[in-house]
Amino acid sequence: MPDGSTPIEQDATLAHRRPKPDGFEQGLLHHHRSLRAFACSMARDGDVADDLVQETMVRALMYRDKFDCGTNQRAWLFTILKNLFRTKLRKGARESELTDGIINSLRFSTKASQEDALFLKEVSQRLRLLPRAQFNAVIQVGALGHTIEDVARREGCPRGTIKSRVSRGRSGLIKSAL
């Protein structure tokens, strides 16, 4: 090394400079598994549960100044998770009405050849096999042409979450075709 130290000595030096997680962050890490289990029990879908837990952690970090140190962090985190789930349910109900209407109108308004009608029916059936979050993301981005940013803003979640949902949804459609 240019300063005469070994890589191991440099790693030890850098380790002292890294900030150590405080009690709040340690609590987040400690409750991660139980949050995921609770999210899975509500959502009944591992992908949606992961998204909920991730969003719960983000919100907890954003609003950590609103957390009273003397209170139960686990209960606070579970309340955030439960409220996020309820919000997503309400949004999902509104979006499913919209996307179901679009799919139904496409299915009944197609006056193409018989092959096109069969293809559309097959795609519609495959879409319905996807988890709701992936279904909505694929429809909004793929079929309706909305941008990832617009969908993320509407859903109230990070861009990466929407990208992931679209990617997993497309993969699911391809796998169901094989």
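1. The model is predicted: local features need pLDDT of at least 70, side-chain atom pairs count only at pLDDT 80 or more, and totals for chains, interfaces and linings use all residues. Residues are numbered from 1 along each chain as its sequence is written, and side-chain values use heavy atoms, with hydrogens and water left out.

2. The partner of Arg 36 is Asp 50, and their side chains form a salt bridge with an N to O distance of 2.5 Å. The term denotes a side-chain nitrogen of Lys or Arg within 4 Å of a carboxyl oxygen of Asp or Glu, and by this rule the count comes to nine. The bridge between Asp 50 and Arg 36 joins helix H3 to helix H2, at a separation of 14 residues. Helices (H or I, at least four residues) and strands (E, at least two) are DSSP runs, numbered from the N terminus. Asp 50 is also partly exposed, at 34% relative accessible area.

3. Helix H3 has 17 residues and spans 24 Å from its first C-alpha to its last, close to the 24 Å expected at 1.5 Å a residue; the expected span is 1.5 Å times one less than the number of residues. At its N-terminal end, H3 is capped by Asp 45, with a side-chain oxygen 3.0 Å from the backbone nitrogen of Asp 47. The buried residues of H3 include Val 48, Leu 52, Met 57 and Ala 60.

4. What links H3 to helix H8? Asp 47 of H3 pairs with Arg 168 of H8 (residues 159-177), 121 residues apart, in a salt bridge whose closest N and O atoms are 2.9 Å apart. Arg 168 is partly exposed at 24% relative accessibility, and Asp 47 is partly exposed with a relative accessible area of 24%.

5. A further bridge joins Asp 51 and Arg 165, at 2.9 Å from N to O. Asp 51 lies in H3 and Arg 165 in H8, 114 residues apart. Asp 51 is buried, with a relative accessible area of 10%, and Arg 165 is buried at 4% relative accessibility. Glu 155 takes part as well, in a network of salt bridges with Asp 51 and Arg 165.

6. The largest nonpolar core has 18 residues, and Leu 28, Leu 35, Ala 39, Leu 52 and Ala 60 have the most contacts inside it. Helices H2 (23-43), H3 (46-62) and H4 (73-109) each supply at least two residues of this core. Such a core is a set of buried Ala, Val, Leu, Ile, Met, Phe, Trp, Tyr and Cys residues joined through side-chain atoms within 4.5 Å. Leaving aside its neighbours within four places in sequence, Ala 60 is in contact (heavy atoms within 4.5 Å) with Phe 24, Leu 28, Trp 76, Leu 77 and Ile 80. Another core, of eight residues, lies apart from the largest one and has among its members Val 141, Ala 152, Cys 157 and Ile 162.

7. Gly 160 has its place in helix H8 and is partly exposed at 46% relative accessibility. Its C-alpha atom is separated by 9.5 Å from that of Glu 149, eleven residues apart along the chain.

Notes. Buried < 20%, exposed > 50% of the residue type's maximum accessible area, 1.4 Å probe, protein only. Polar contact = N/O pair within 3.5 Å; in protein donor to acceptor, adjacent residues only side chain to side chain.
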